[in-house]
Amino acid sequence: MRELRRAFGFQATWFPDSEVRLGDIGVFRGGQFERKASLEEWGIGWQPRVRPGASPLYEHRSEGAVDVSSAGTAAGGAPAVTAGGGIDVRFTRAGAVLFRAVDCWSEEIANIGEIEEEMKARRREKKWPARHAVVTEVVHAGWATVLISDSRTDSARLRTTADATALGWDALTARARLEWAGGSGVSTRILSRGELTPLYRARGVLRRPFGGPSVRFMDEPGPGPEEAVQPGDAYVGDVYSDMFDHDDEDDERDEL
């Protein structure tokens, strides 16, 4: 998840075939987004919109740790996979990632400013539970393939039933589907799966560390420099699983 966040700027959905929805409210627990409610259920109005300029393709493989090849080679050295042919994926370290999502589109909350104001107001009133986040943007994938290695010697042999020759990466999401044809140790295996939500962004109420008890928000003007935002102040920002994890003690305290 950290690797894909560095590559794309999104939180990766874990597990990859889990679903997240725009406007969901929940907590991160062990890297997973655990839905608790939604903006609608909490009486908060919002409007969705398709995100302009969103990428239709997201692809990543761990640098120097994933090799994709096949028995045939096309002009220019790209691996060629014909109908019924195979493609080999080899990993050279544990935890290496091969990720490709195509036919993607993104949606986001249009009135995000209003949502942030509502989150801050509820936090002031102790009605916004600690470490609860709102899903504010979701990437939908028409087709996605995700492989994650368990050791540095893992491998996968995939078979495609594509009707036409596919070159290199294109074989990994052939619409005719990929099938597992053998391999060893791959811990995560998502092959040409359709209609996934593999990437998303979420926002939560944060507090600057090492400050006093006062609460003011970043967008609230003050009368002078002495009123500037200080450490300890609360604000709304992007949050991720490794910085906003929710544990059993949080459940017991139900901290507000």
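Biologist: What makes the link between the side chains of Arg-201 and Glu-137 a polar contact?

Modeller: Please keep in mind that this is a predicted model. A polar contact requires a pair of N or O atoms within 3.5 Å, one able to donate a hydrogen and the other to accept it. The side chains of Arg-201 and Glu-137 are joined at 2.8 Å, so the pair falls within the cut-off of 3.5 Å and is called a polar contact.

Biologist: Which backbone oxygen does the side chain of Arg-201 reach?

Modeller: That of Gly-9, at 3.1 Å, a value that also lies within 3.5 Å. Arg-201 itself is placed in strand β16, residues 186–207. Leaving aside residues up to four places away in sequence, Arg-201 touches Phe-8, Gly-9, Phe-10, Val-134, Val-135, Thr-136, Glu-137 and Asp-238.

Biologist: How do you know that strand β6 and strand β9 pair?

Modeller: Pairing asks for at least two bridges between two strands, and four bridges join β6 (residues 66–69) to β9 (residues 86–91), so the two count as paired, and they run antiparallel. In this pairing Ser-69 has Asp-88 of β9 as its bridge partner. Strand β9 also pairs with strand β13 (residues 155–160), in the antiparallel sense and over five bridges, with Arg-90 standing opposite Ser-155 of β13.

Biologist: What is the order of the strands in the open sheet, and why are β6 and β15 said to stand at the edges?

Modeller: The open sheet has four strands in the order β6-β9-β13-β15, with antiparallel pairing. Strands β6 and β15 (178–184) each have a single partner strand, so one side of each is left without a neighbour in the sheet, and this is why they are placed at the edges. On average, neighbouring strands of this sheet are turned by 20° against each other, with direction ignored.

Biologist: Why is strand β11 described as largely enclosed by the rest of the structure?

Modeller: A residue is called buried when its relative accessible area is under 20%, and four of the five residues of β11 (residues 105–109) are buried, so the strand is largely enclosed.

Biologist: Which strands pair with β11?

Modeller: Strand β4 (residues 48–50) pairs with β11 in the antiparallel sense over three bridges, and Pro-48 stands opposite Ile-109 there. Strand β12 (residues 133–149) also pairs with β11 in the antiparallel sense, over four bridges, with Trp-105 opposite His-140 of β12.

Methods. Residues numbered from 1 in each chain as written. Predicted model: local features only at pLDDT ≥ 70, side-chain atom pairs only at ≥ 80, totals over all residues. Heavy atoms only, no water. Contact = heavy atoms within 4.5 Å. Axes fitted to C-alpha atoms, helices over the stretch in contact; angles between N-to-C directions. Buried < 20%, exposed > 50% of the residue type's maximum accessible area, 1.4 Å probe, protein only.
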